[in-house]
Amino acid sequence: MNIQEHLPILLVAIPILMSALMIMLRSRPTFQKTLNIIVSASILLMSIILLLQVWNSGILVYEVGEWGKYGIILVADLLGSGMVVLSSGISLLALIYSLDYIEGKSLNTTYHSLFNLLVAGLNGTFLTGDIFNMFVFFEILLLSSCGLVVASENGGVTTISDKMEATFKYLILNMIGSMVMLIAVASLYATMGTLNMADLSVKISALSDAGTMPWHIYFIALLFLIVFGNKAAIFPLHYWLPDVHPTAPSPISAMLSGVMIKVGAYGILRVYFLVFKDALFLLKPIIILLALITIAIGAIAAVGQKDVKRLLAYSSVSQIGYVFLGIGMGTAYALAASLVYLVNHAIAKSMLFLTSGGIIHHAKTRDMHHMGGMVKSAPLMSSMFLIGAMSIAGMPPLGGFIAKFVLFDAAMLGEYYLPVLIGFAFAVFTIFYMFRAWLLMFWGEARDFEKYGPYSSHGPSPMITVPIIILAAAVLILGVYSEPLISLSSEIANQLLNPQPYINAVLGGSVR
Amino acid sequence: MNNTILSITIALIFGIGTFLILRRDIIKIIIGLSLISHAVNMLIVSTGVFDGEKAPIIAEGYHGSGSGIIFTDKLSEGILAPIVPPGTETPFVDPLVQALVLTAIVISLATTAFILILAYRIHEEYGTTDVKKLRRLRG
């Protein structure tokens, strides 16, 4: 048995098994923490091996139950395995961070278990090749993240009633989104008679070439825009995000803002560019329009915030708009640019949320107007927040600059002048609100923090600082040495625009 | 005719669910969500009913006679029920959609359980089930 062939299923199965094991180990917290860290690190290692294997020897297809295209299949192509590397890296760091950040009782009982389920849902969503299976993993993601949002943190800055309210909004809206996805999947199955995405792609292309594509395929595609737009929080469906991301504990905010909203972008890339590639001419202008409105609304709302995490959440709304702008343009270069943007935003924003957790511990408040002059008392947090803010704003030595540069370059080459203008104007807004937040928190008159809890006296522990420093180093490296990411993104974009290798890999295997 | 009635029923349930979701009471919203999920499940089941077409399970070496469909196993002859001889046209259902619905029902059970507990805790924290009064989060 070659273990490398089984990597896709291991990446999904190990976290699910661990989540059951973690419940049983709740009376032995030290062993539980050590085991979870080891398993998360090994999942990161396995995902890197998977990415290298896919890079070297092509798309890896794993038939669960060996039913061929009629059963559930896991497909590791460059996009899927790259997203798995990103999500497992961020989840490992968020897990290390949460060991000190989450309150002990909550951490020992349910947190580890739900966190493993979240990782399983993310890996499954990125690796599955079956559209109904994607719905199931979306539900796993939704329920586990709801449980994690209500987990309480040390210090208790966010009250439990706020968490309840946010979770209620999140759950209701995402359940409606799930229902819409179910309707779309059922209509697709009733029309095409298959749920396998590669098979769907072949059949829809054949119908489109014959000129007999049923008209409701376009409506199904639009339903999927609602589903993935709801996950990614683009314009008409963005209003749950600024409530949910700030009330979650900081490591979970980092996971939600860093990886979970990227699931929507991944879904658009996978489903639209594989299954609905013949309906794309209709969808591209809609995506561009919604992306531009999202950019504008997120940036304008972020300017007026006084809660630091709420500001970061609105900034996420604005930044996901840039990712969708690249997807909407749809050329190979623009897709590569949007993937570069996605990775850079994921790393920088999760780092900012982790940093904001440290700041909140230090100041014991989320209100920026009650902070001030913290550059002396919290030098590490202030420098890390500055790095993250500069990356999000697109300052030259950092990853965000490369991302914005390639995105606007792609848009100029594609002659999308008005979108570039709007995107550029709101990039200036980004600089303004990020630096306004930094100035409010770290400069100005120093406030007295001595009276607040133990955190401001002994400073942040290594479990809080190390993940932030690693992510900051990643932001810096992606800015200075960005060629590997750009070449990987270009390769992914080429695979997306030419899905024939994917289809061959999935449908080539015979039914046993 | 049956299909029309089924479609109208699904549409009505969907409409009632949507109406309930727009109410102010949390419990009504949850009931509305359950109704919508049932409507969607019925929609999925209704996509898997076929009439007057060829059934998908066809015996290769068919031995039977009579109505054409064998409902009893004949293991000595290697026949597993139900098996249809080649060329028979009979109403049948797609078994895959029923598996899909089963999955969807289990998922909606889990979410409904979670959201009911959440509603109970919200009632404990806020002392009300009116969503208009859940307005502590603002920028």
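**Exercise 1.** Which residue forms a salt bridge with A:K169, and how far apart are the closest N and O atoms?

*Solution.* Keep in mind that you're looking at a predicted model.
- Step 1: Find the partner. A:K169 pairs with A:D243 in a salt bridge.
- Step 2: Read the distance. The closest N and O atoms are 2.5 Å apart, and the cut-off for a salt bridge is 4 Å.
- Step 3: A:K169 sits in helix α6 of chain A and A:D243 in helix α9 of chain A, so to speak two distant parts of the chain, 74 residues apart.
- Step 4: Zoom out. Over all chains, the count comes to eleven salt bridges.

**Exercise 2.** Work out how helix α3 of chain A runs relative to α4 of chain A, parallel or antiparallel.

*Solution.* 
- Step 1: Get the angle and the distance. The axes of α3(A) and α4(A), residues 104-127, cross at roughly 170° and come within 9 Å.
- Step 2: Compare with the cut-off. Angles over 145 degrees count as roughly antiparallel, so α3(A) and α4(A) are roughly antiparallel to each other.
- Step 3: See who touches. Among the contact residues are A:M83, A:V84 and A:L95 of α3(A), along with A:F115, A:V119 and A:F126 of α4(A).
- Step 4: Sort them by class. You get twelve nonpolar, six polar and no charged residues.

**Exercise 3.** Describe the place where chain A meets chain B.

*Solution.* 
- Step 1: Count residues. Chain A gives 30 and chain B gives 35.
- Step 2: Look at the area. About 3000 Å² is buried between the two chains, with carbon and sulfur atoms giving 83%.
- Step 3: Check for pairs. Between chain A and chain B there are zero salt bridges, but two residue pairs are in polar contact across the interface.
- Step 4: Find the elements. On the chain A side, α5, α6 and α9 each give two or more residues, and α6(A) has the largest share with 18 residues.
- Step 5: Classify that side. The chain A side has 20 nonpolar, five polar and five charged residues.

Key. Residues are numbered from 1 along each chain as its sequence is written. Chains are lettered from A and ligands numbered from 1 in the order in which they are written. This is a predicted model: local features need pLDDT of at least 70, side-chain atom pairs count only at pLDDT 80 or more; totals for chains, interfaces and linings use all residues. Side-chain values use heavy atoms; hydrogens and water are left out. Contact means heavy atoms within 4.5 Å. Buried area is the accessible area (1.4 Å probe) that two parts lose on being put together, summed over both. A salt bridge is a side-chain nitrogen of Lys or Arg within 4 Å of a carboxyl oxygen of Asp or Glu. A polar contact is a pair of N or O atoms within 3.5 Å; within protein, one must be able to donate a hydrogen and the other to accept it, and residues adjacent in sequence count only if both atoms are side-chain atoms. Helices (H or I, at least four residues) and strands (E, at least two) are DSSP runs, numbered from the N terminus. Ala, Val, Leu, Ile, Met, Phe, Trp, Tyr, Cys and Pro count as nonpolar, Asp, Glu, Lys and Arg as charged, and the others, Gly among them, as polar. Axes are lines fitted to C-alpha atoms, for helices over the stretch in contact, and angles run from 0 to 180 degrees between N-to-C directions. Angles under 35 degrees count as roughly parallel, over 145 as roughly antiparallel, 65 to 115 as roughly perpendicular and the rest as oblique.
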